[in-house]
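Subject: The model we talked about

Hi,

Here is the structure I promised to pass on. Have a look at it first, and then read my notes below.

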Amino acid sequence: MNQNELLRVEELHISLQMDKGSLPVVNGISFGLKKGQILALVGESGCGKSVTSLSLMRLLGKGLEISGGQILFRHPESGDVTDIAALGSNDKAMRKLRGDQIAMIFQEPMSSFSPLHTIGEQIMEVVRLHRKVSKLDARKRAIELLDKVGIADPAQAVDRYPHEFSGGQRQRAMIARALACDPSVLVADEPTTALDVTIQAQILKLLKDLQQEMGMAIIFITHDLGLVAQMADEVAIMYMGNVVEHGATRAIFKQPQHPYTKRLLQAIPRLGVIQDKLQSIEGSVPNLFERPVGCAFNTRCTEQQRDACQQRLPALRAIEPLGLVAQQGTAAVVSNDVGVVNSSDVIHSVACHLIHTEAVA
Amino acid sequence: MIQMIIKRMVSALAMLTVLSMIAFVLIQLPPGDYADAYAGKKSQGGAVMTAEQIEEIRDKLGLNEPLYIQYINWASDFVQGDFGYSWEYHRPVIDVVAERMPVTLTLVFMTLVFTYFIAVPMGIYCALRQYSIGDHAISLLGYIGLAIPNFMFALILLYLSSVFWGTSAGGLFSPVMQDAPWSWEKFKDMMAHIWVPVVVLGTAGTAFQIRTMRATLLDELNKMYVTAARATGMDERKVIMKYPVRMALNPVVSTLGWELTNIISGAPIVGVVMSLPDMGPLFLNSLLNQDMYLAGALVMVYCILVILGTLISDLLLMLLDPRIRMGAMKA
Ligand SMILES: Nc1ncnc2c1ncn2[C@@H]1O[C@H](COP(=O)(O)OP(=O)(O)OP(=O)(O)O)[C@@H](O)[C@H]1O
Ligand code: SF4
Ligand SMILES: [Mg+2]
């Protein structure tokens, strides 16, 4: 774990427990999150984004279990490192992190609040769980938070029930609830998917502004690469429970390496470009029961595949500096052209046999 | 809110008025009328009444008035607490009913308490431990409870108690207390006996409510707001009790009025089978003997109980669910 990292996910495996054995859902995923940065986790539906994000807070649903790997969290003040993967989901140590250090907002603003309790009560509850404050102070804090996320007339809104809020307002309130204790990590699982486009833009701007103001790191989960450019510092592209490419946002957009990333980028609808039909990626994600042997993408990959593609899961590795990759595959040549030397301190890494022909075993 | 409560009360009153008409028709249903019945009773004793005498009684009782006037007379008497005269008991109906009513009320109330106090925790247990042995066992018992008719259950308990304990589970009092006036001792004696009919009356409803609670809670447990509540760092137990359980209680509460109806409609038969001193046997006898003022009054009392129960359950639901409360405000 790097010194500047808050969170380090290392070779994380999550599997679905069934009567007959278990099925891998997340298959050895690794990524790090730096202080105050926005990392986007991108991938098609079903690739394990939600499962991964829930596991960071040990909130996995019934039947899903962490079956290997580590989730290291470094406490920003004390510097203590905790392996979240080793905690029990209802352990006190875990509950102390939840809502206080790591907070989450969900895809469905309509159903993330209990309809029977006021918005204010549900925000005050988090404050009072982690801070020794009086009810009155917690209420003041709730009003302040609602104001911060742009809810009009917060002193009144605090006593309203969720059904009196619109979808956008509810997502704002959810953000207020998540930020109640100044978390160092905010996990936002497709926070705008359920909202219409104008509201979506407002919420994203709000998140970005709050991130700048409060300085938390955000894991921003989306299936829409189009949103990533404006939001994220770093991007991790996921496919079937693995990261297939990771790098600085600029690098991913300018010099995509992995065949899957390239196809995702082509599928972004562009303004002003009239498309015959909306391009989407051909084929579909295999279901969990039919995980391909070798590279998980080999059922849809249109590149000139190598033997290894059907045999081994390619490891996520940094792109080699110039020269070394020059004589290998077309993808590498392309990257060579634009000069893939990491411009930022973010290492650009890819998991594809075309790019890393195994010289080493 | 207040407006809504008033609205509900008005509709409850309207309902009662309609029901009272039905009760009145019921009273009028048997051939002949009170005067005929009176004459019939007299003639059994050897006294013969002339047609004029019978007509005189009719006039006196207002039986020659048009039907709606009779209804209004009966209803206004009813409201003032005059339920008519019971031929069978030779006493005003109100006295007969008043004597039996406390027992019925206690029985109904205790059955409701029994039903919910057992069903809610068991439903929670079954949902949280879905497919565990305990869950399966409770389900099985529930099916049996639902399948056995009340009277059969009552008979089985009567039989078992006489075989195993040599005492009768019938009745509500020990022989010593049977005719004693109401006292604390007598009340305690009743409580010691009342559980048998309570169990008989309450089992089916309890089984049903366990299933309702289990199903709704299982549904609620999968909702996003539960995960969101866990994400605050709250203890799992507290999360469950504060959010999904609270939500799952609503449908259970909303069935309160309906549950009460079930209990009340089951009560007379159980009362008869177990020879309880409540309104049950009274009701059956009044129908058998065409003691129609008594029967009408009992029908009214049962209906009032059901309507009150529904009203209470509606109000409770409004109290519990802000969406209903506010929907009601806007309406
Ligand atoms: N509780 C669960 N029980 C069984 N399978 C699950 C459960 N949760 C998720 N899965 C499965 O795990 C895989 C990954 O799901 P996940 O929800 O993480 O996908 P996602 O990337 O978030 O997709 P989306 O964009 O649709 O939200 C899917 O195949 C899904 O069917
Ligand atoms: S490893 Fe092979 S199959 Fe997988 S993306 Fe690369 S080229 Fe395609
Ligand atoms: Mg998801």
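To start with a term for the ligands: a residue is near a molecule or strand if one of its heavy atoms lies within 4 Å of it. This is a predicted model, in which local features need pLDDT of at least 70, side-chain atom pairs count only at pLDDT 80 or more, and totals for chains, interfaces and linings use all residues. Residues are numbered from 1 along each chain as its sequence is written, chains are lettered from A and ligands numbered from 1 in the order in which they are written, and side-chain values use heavy atoms, with hydrogens and water left out.

**The two ligands**

Ligand 1 is surrounded by 14 residues, and the closest are A:Ser45, A:Gly46, A:Lys49, A:Ser50 and A:Val51. Some polar contacts are worth a look (a polar contact is a pair of N or O atoms within 3.5 Å; within protein, one must be able to donate a hydrogen and the other to accept it, and residues adjacent in sequence count only if both atoms are side-chain atoms). A:Ser50 brings a polar side-chain atom to 2.7 Å from an oxygen atom of ligand 1. From the backbone, a polar atom of A:Val51 is 2.8 Å from an oxygen atom of the ligand, and an N or O atom of A:Gly48 lies 3.1 Å from one.

Around ligand 2 you will find A:His258, A:Pro259, A:Cys295, A:Phe297, A:Asn298, A:Cys301, A:Gln305, A:Cys309, A:Pro314, A:Cys352, A:His353 and A:Leu354. By class, this shell has eight nonpolar, four polar and no charged residues. Here Ala, Val, Leu, Ile, Met, Phe, Trp, Tyr, Cys and Pro count as nonpolar, Asp, Glu, Lys and Arg as charged, and the others, Gly among them, as polar.

**The largest pocket**

Rolling a probe the size of a water molecule over the atoms shows where empty space is left. A pocket is an open set of points on a 1 Å grid over the protein atoms alone, where a 1.4 Å probe fits, with protein on both sides within 12 Å along at least five of seven lines; lining residues have an atom within 4 Å of a point. The largest one has a volume of about 1200 Å³, the volume being the space filled by probe spheres set on the points, which are joined across faces, edges and corners.

Its lining has 35 residues, with A:Leu60, A:Gly61, A:Lys62, B:Arg230 and B:Glu236 nearest the centre. They divide into 16 nonpolar, eight polar and 11 charged. Elements that each supply at least two lining residues include α1 (49-56) and β4 (64-74) of chain A, and α5 (93-128) and α8 (184-221) of chain B. Helices (H or I, at least four residues) and strands (E, at least two) are DSSP runs, numbered from the N terminus.

**Helix α1 of chain A**

How many of the residues of α1(A) are buried? Seven of its eight are, where buried means under 20% relative accessible area, exposed over 50% and partly exposed in between (1.4 Å probe, protein chains only). Among them are A:Lys49 and A:Val51. Just after this helix, A:Arg58 takes a positive phi of about 55°.

**Chain B and its helix α3**

Chain B has 15 helices and two strands, and 46% of its 331 residues are buried. Its C-alpha atoms fill a box of roughly 85 × 60 × 35 Å, taken along the principal axes.

In α3(B) (residues 51-61), the buried residues are B:Ile54, B:Ile57 and B:Arg58. They sit on the same side of the helix because they cover an arc of only 100° around the axis, an arc taken from the directions from the helix axis to the C-beta atoms. B:Glu52, B:Glu56, B:Asp59 and B:Lys60 are exposed on the other side. After α3(B) comes B:Gly62, with a positive phi near 75°.

**Two loop residues**

A:Glu190 is not a glycine, yet its phi is positive, about 40°. This residue is in the loop between β7 (185-189) and α7 (197-214) of chain A and is buried, with a relative accessible area of 7%.

B:Ser275, also not a glycine, has a positive phi of about 40°. Its loop runs between α12 (256-273) and α13 (279-288) of chain B, and at 49% relative accessible area B:Ser275 is partly exposed.
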